[in-house]
Amino acid sequence: MDSALKNRNVELFGSLLCCQGIHSAESFKEAIAETSAKKIEELRLQDSTIEYLAPSWFAEFSALTKLSITSSAVKTIPSSAFAIPSDLQELHVDNCAIAHIDNEGFSGLCQLKRLLFTNCTSYPLRLHGLTSLEILDLSSNSIDRIEPGTFDHLDRLRVLILSRNKLIHIPKLIFEHLTSLHLDRNHIESLDPEVFLGLPHLEVLRLENNSLVELHRELLNPLLSLASLNLSGNSLRYLHQGTFAQLLNLSDLNLSNNELTSIPKGLFDNLPRLTSLDLAFNQIKQLETDTFGCIPRLESVNLEGNRLRQLPAAIFSGSPAMTRLDLNSNQIEAINRGAFQELSNLDELFLNKNRISHIEAGSFQGLGLSSIDLGENCLHSIHLAAFRGLNSLSTLDLAGNRIGAVAGGLFGCPGSLRKANLSGNEISALGGDCFDNLTGLNVLDLSDNHLTRVESGAFRHLNKLTTLHLTDNSISRISRGMFLGLTSLTALHLDGPLESIEAEGFKGLDSLQRLTLSSCLFECLPIACFSNLEMISELAITQTKLKTLRTGVLASLANLLELDLSRNDLVELGDEVFRDLGRLRRLSLEDNGLATLPRAVFRGLTSLGSLNLSRNRLQVIEGDVFAETPAVTFLNLSCNGIVGLSSGMLASLQMLRNLVLDENCFATLGADTLSLPLSLECLSLESCKISDVALAHLPSLSELNLNNNEIRHVNSDSLAGLVSLRILNLENNSITCIPRDFLTNFRYLEEVHLGGNPLSASDVDAIKVMYKNVLFIS
């Protein structure tokens, strides 16, 4: 904002003045009094409750060129309401409760070029004097008819927008210079044959989302300049031959979402400039060989969501420029040789969600395809050379079929392939030659198959693969050599009935950074199972049957930064099991069955910042178990049944900031049960059955959570040492009284939660009065 104005309803940004929430003519005058109205070029009035616009309002704005009145209560537009700013070029009235517009309401605006009058309850019936108007938007006004003479004398109009109204009938329109006409989202059921006779230069016609059932054969003939025609979302059942015959400049034709069952012969003849044709979501059952005739510039055809069962040979041969063909969601049963004849420039082909069970050899021969989508069909097998010769193919989607085996270098795919999706099939094994020659593959999805076996060397040629999906399979064993060749793989996720991992089972994964093993059945891991994974930074072993983690299993993971061992069945950790993880930052052992921790279990974790031991059975923890984790700032020991923390147990954690002890068994909270480091900033003791509170000196503590306990009494000594406390949560206890001096020691207190306690309203009100700067939440 350029300057700070006293009136909070007014903001000035250079030559733009914004007025919000103006409630009277007087308040409007006050709002502009601080500004130099003569220099304002744009004025915005928003959320005003003024019901009447007086012409004198804008008299001082001599330089005004743009005026917006939005979301206001204006009910009346009187004669010459906007005439005084004689240079006004743009007027926008939106979302106003206008009930009356004087016939001369827009008179005097001889320089106005753009009028947007939208989302109002009334609309202008006369637009006299707007001789310079070029753009008129009357959308979303519930207009149900166009009165004779409404658009008289708008000789320079180029764009007319009547979208989102309730028009049923359109009268003959005569605009010499109109280039764009929007009639979409009305209730138009039919159009008179001569309605467009007076629009010789129209380039864009939008008629989508109406109720048109039929078009007269000669309706569009006068529109010789038309380039874009949208008829989607109507109820067209049939189109006459020759309907588009005179549209020599048409480049974009949208007929989607109608009820067409067939395409008459020659319908698209004589459309030399057509580049995009959309016939999606009709009911077309059959295409004749000459349906598309000769359309030399056609680049994109969309036939998605129809009822096609077959494709005639050479049906698109008259459109050699085609680059995109969408045949998704039809009922095509087979792809035969010749169906895509002459489409040497075709780049994308979509055949998803059909009933294809057979692809004839050579069906894609001669095509320049970079992407083929054959997902969700009925393919059981594919010819070994089905994709041979597609030297530009980069993406192949075969997901959701019934393919049982992969062979021949993925059915003859070229080395240019970058992404292959084979998920959701019935592949049970991967042989040694299944991915031959695919040296450029980056992404391979084999998830949700029936894989039980992967032969050694199956991936040997995929040295550029960075992403491999193998989840939801039935692999029971990771054998040595299974991943040989995947030297560029950065992430790997394995789950399911995996029972064992051989020593050096992950050999070959030289670049692996993230490894996830979830929902597996193994109970232990061999000592050398992670050898050769020197680059790995994130390892997650979760929701498995793992019971024991032996010392040495993690020895080769010196660069590991995050280790997630949550939700397993761990009951035993080897002494010094983490000793080689000197760079580890985060360790989670949440939700296991650990009852004890070896004294030296965390030895070597000198960089550890976050440690989660929640939801175990650690009722007793050795006094110096954290002695070698000096960098820990976050420690979670919740849900363990701990009755106390021995003196000195946390003494080495001089950087500890956040300690979570929820759902343990501290009946009494004092120095004998809880010895805490002075660095602590946040302490949570939710649901610990605490009845008495007496915390020692914690000068850095800013947040204390004691909700859902059994505390009955508090006094000024209970928390006297917490001099930096900002947030105190005492919700859902049994506190009956808050002493007046309870909070006197807390100079920085901002927020206190007292809800769910049997406190009287008068006590709460009294303490609120005493501590006015504190937010009390109850």
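Predicted model: local features only at pLDDT ≥ 70, side-chain atom pairs only at ≥ 80, totals over all residues.
Visitor: What makes Asp580 count as partly exposed?
Guide: Buried means under 20% relative accessible area and exposed means over 50%, with partly exposed in between (1.4 Å probe, protein chains only). Asp580 has 31% relative accessibility, so it counts as partly exposed.

Visitor: How do you know where Asp580 lies?
Guide: Helices (H or I, at least four residues) and strands (E, at least two) are DSSP runs, numbered from the N terminus. Asp580 lies in the loop between strand 35 (572–573) and strand 36 (586–588).

Visitor: Which residues does Asp580 touch?
Guide: Contact means heavy atoms within 4.5 Å. Leaving out residues up to four places away in sequence, Asp580 touches Leu554, Ala555, Leu557 and Ala558.

Visitor: What makes a set of residues a nonpolar core?
Guide: The members are buried Ala, Val, Leu, Ile, Met, Phe, Trp, Tyr and Cys residues, joined through side-chain atoms within 4.5 Å. The largest one here has 247 residues, and Phe530 and Phe578 have the most contacts inside it. Helix 1 (residues 25–33) gives the most to this core, with 3 residues.

Visitor: How far apart are the centres of domain 1 and domain 2?
Guide: Domain bounds come from an automatic or database domain assignment, here 1–102 for domain 1 and 666–777 for domain 2. Taken over C-alpha atoms, their centres are 53 Å apart.

Technical notes:
Residues numbered from 1 in each chain as written. Heavy atoms only, no water.
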